[in-house]
Amino acid sequence: MNLSSLRPPAGQKRERKRVGRGMGSGHGKTSTRGHKGQRAVSGFGQKRGFEGGQMPLHRRMPKRGFTNIFRKEYALVNLERLNELEGAEFSPEKLVELGVIKKLGAGLKVLGQGELKRAISVRAHKFSKSAAEKIAAGGGKAEVIG
């Protein structure tokens, strides 16, 4: 098998339907739009979710919950990721510099997924319970800032 013998699966590629090209084409005159009506006129567009006058699904569903305007979005990093990195001391600034986290947001939170194979010192705004335990068990230090 070589690249020149590759073909798309049968039925994958279809030619575009060319409408309004004469009666012989089968798609002439009304161009597959039927006679009269809102859908037949030019510029016709429908609102998303419009169901022909029936109450749309998104309005039939009950409202639920609310949006907390004081929500804090933390940058998350797992212990397994810190374990892969060079060095023994980590701070939010260093992790941004290394490209581990893109945006700091409300601060850095360290989560406890993965194993820690060495002693590391981490400065962060928050630690999950398991992350703090694993860092302490490995002989490292988890320092809460701010």
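This passage describes the fold of one chain, from its overall dimensions to single residues.

The model is predicted, so local features need a pLDDT of at least 70 and side-chain atom pairs count only at pLDDT 80 or more, while totals for chains, interfaces and linings use all residues. Residues are numbered from 1 along each chain as its sequence is written, and side-chain values use heavy atoms, with hydrogens and water left out.

The chain has 146 residues, and 21% of them count as buried. Buried means under 20% relative accessible area, exposed means over 50%, and partly exposed lies in between (1.4 Å probe, protein chains only). The radius of gyration is 30 Å, whereas a compact globule of 146 residues would have a value near 15 Å. This radius is taken over C-alpha atoms, and the globule rule is 2.2 Å times the number of residues to the power 0.38. Along the principal axes, the C-alpha atoms fill a box of roughly 85 × 55 × 25 Å.

The accessible surface of the chain is about 12100 Å². Carbon and sulfur atoms hold 51% of that surface. Areas come from the Shrake-Rupley method with a 1.4 Å probe; for residues, only the protein chains shown count as cover. Among contacts with a separation of 6 or more, 41% join residues 24 or more positions apart. A contact means heavy atoms within 4.5 Å.

Charge was examined next. The chain carries 31 positive and 12 negative side chains. The centres of the two sets lie 21 Å apart. Lys and Arg count as positive, Asp and Glu as negative; His and the chain ends are not counted. Each charge is placed at NZ of Lys, CZ of Arg, CG of Asp or CD of Glu.

The secondary structure comprises four helices and six strands. Their order along the sequence is α-β-α-β-α-β-β-β-α-β. Helices (H or I, at least four residues) and strands (E, at least two) are DSSP runs, numbered from the N terminus.

Three strands form an open sheet in the order β1-β3-β5, with parallel pairing. β1 (75–78) and β5 (126–127) stand at the edges with a single partner strand each, so one side of each has no neighbour in the sheet. Two strands pair if DSSP finds at least two bridges between them. Strands of a sheet pair through backbone hydrogen bonds, either parallel or antiparallel. β1 and β3 are joined by four bridges. β3 (residues 108–111) and β5 are joined by two.

Val110 of β3 stands opposite Val77. Val110 also stands opposite Phe127 in β5. Lys109 has Lys126 of β5 as its bridge partner. In a regular strand the side chains alternate between the two faces of the sheet. In β3, Leu108 and Val110 make up the covered face. Lys109 and Leu111 make up the uncovered one.

The segment before α1 (57–60) holds Lys29. Lys29 is not a glycine, yet its phi is positive, about 50°. Lys29 is exposed, at 64% relative accessible area. Thr32 is placed in the segment before α1 too. Thr32 has a positive phi of about 65°, although it is not a glycine. Thr32 is partly exposed, at 48% relative accessibility.

Ala40 is also found in the segment before α1. Ala40 is partly exposed, with a relative accessible area of 24%. Not counting residues up to four places away in sequence, Ala40 touches Arg33 and Gly34. Thr30 is ten residues from Ala40 in sequence, and their C-alpha atoms are 8.0 Å apart.
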